Amino acid sequence: KSSYLQDKAFVIAGLAGVIACAWVYLVSASLDMYGRMDGAAAWMMEGTWDARYLLLIFLMWAAMMVAMMLPSALPTILIFQRAVRNDPKVRSPSRRMFSFAAGYMLAWSGFSAAATLLQWGMAEGALLSPMMVSASPWLGGAILIVAGIYQWTPLKYACLRHCRSPLAFLVEHWRPGVPGALRLGLRHGLYCVGCCWALMLLLFVGGVMSLLWIAAITAFVLLEKLVPFGVQGGRLSGLALVLAGAWVVASA
């Protein structure tokens with residue numbers, strides 16, 4: 001038992017350290033972007049979409065996804081860690097656990113790449129302001145409405161079911177070995193992307209680097225995945241988003 005608690009503490013400390021680093025970057029970049037812009041966010045104002053800038057935007061999105069989504073995956077990761085720790089055939093439970101976490105973030109890295117390309121297209125089409133906020137009320141309203149409608153779709157709840165039931169997910173999709181742990185984490189991450197991609201697009205409405213907006217979406221994702229009434233809250237939020245989007249469009 002003592003060894004298990006030590007392993008659990010090591011896992012939590014390691015993942016918490018990664019999450020903390022991501023949040024430190026986001027906080028410093030956000031404060032600088034809405035401040036003097038001579039520090040962590042200075043490069044964001046270059047605006048030349050060359051290979052270097054695309055890479056930096058991708059890394060920004062990747063760090064944001066670590067900060068926003070990895071906390072909501074901790075219950076699943078800890079259940080997985082306990083399962084491999086209790087299996088006498090497993091020689092390296094820590095390697096399998098971190099492989100699972102890496103697979104999870106690999107899925108969100110794919111989303112980060114897509115978000116980078118979307119941001120590039122919006123910037124080239126003059127649909128995004130230099131502060132990384134939608135420059136068109138029609139676009140902002142449309143994103144709100146799409147995100148709201150998606151909250152009610154069967155696909156949303158099929159993906160949310162896997163995110164809210166980590167033990168059932170692991171039993172259904174279990175794979176042996178370190179490569180299996182990586183694939184299992186990737187599958188879990190893909191379900192989470194399927195659950196939350198529309199919510200992440202709301203960053204283009206409130207500001208990609210708005211700390212308040214980032215924190216609000218992170219808190220909502222945690223509540224939707226972890227609290228008993230998260231599903232019902234998601235439906236209510238969908239209605240609220242559609243109404244907000246309609247109001248934005250009507251006010252344009």
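Glutamate 224 and lysine 156 are both buried, where buried means under 20% relative accessible area, exposed means over 50%, and partly exposed lies in between (1.4 Å probe, protein chains only). The model is predicted, so local features need pLDDT of at least 70 and side-chain atom pairs count only at pLDDT 80 or more, whereas totals for chains, interfaces and linings use all residues. Residues are numbered from 1 along each chain as its sequence is written, and side-chain values use heavy atoms, with hydrogens and water left out.

**Salt bridge**

- The structure holds 1 salt bridge, a term for a side-chain nitrogen of Lys or Arg within 4 Å of a carboxyl oxygen of Asp or Glu.
- Glutamate 224 and lysine 156 form a salt bridge through their side chains, at 3.0 Å from N to O.
- This pair links distant parts of the chain, 68 residues apart: glutamate 224 belongs to helix H9 (residues 211-226) and lysine 156 to helix H5 (residues 154-164).
- Helices (H or I, at least four residues) and strands (E, at least two) are DSSP runs, numbered from the N terminus.

- The expected span of a helix is 1.5 Å times one less than its number of residues.
- H2 has a kink of about 45 degrees at leucine 70, shortly before proline 71; the bend at a residue is the angle between axes fitted to the seven residues ending there and the seven starting there.
- In H3, 32 residues should span 46 Å at 1.5 Å a residue, and the end C-alpha atoms are 47 Å apart, which agrees.

**Loop between H3 and H4**

- Alanine 126 lies in the loop between helix H3 (93-124) and helix H4 (137-150).
- Just after H3, alanine 126 takes a positive phi of about 60 degrees, although alanine 126 is not a glycine.
- Alanine 126 counts as exposed, at 59% relative accessibility.
- Methionine 132 is in the loop between H3 and H4 and has a positive phi of about 60 degrees, although it is not a glycine.
- Methionine 132 is buried, with a relative accessible area of 3%.

**Nonpolar surface patch**

- Trp152, Leu239 and Leu243 make a nonpolar surface patch of about 330 Å².
- Patches are made of residues with over 30% relative accessible area and no salt bridge; like charges are joined within 9 Å, and nonpolar side chains (Val, Leu, Ile, Met, Phe, Trp, Tyr) within 5 Å.
- Accessible areas come from the Shrake-Rupley method with a 1.4 Å probe; for residues, only the protein chains shown count as cover.
- Leucine 243 is in helix H10 (residues 230-251) and is exposed, with a relative accessible area of 53%.
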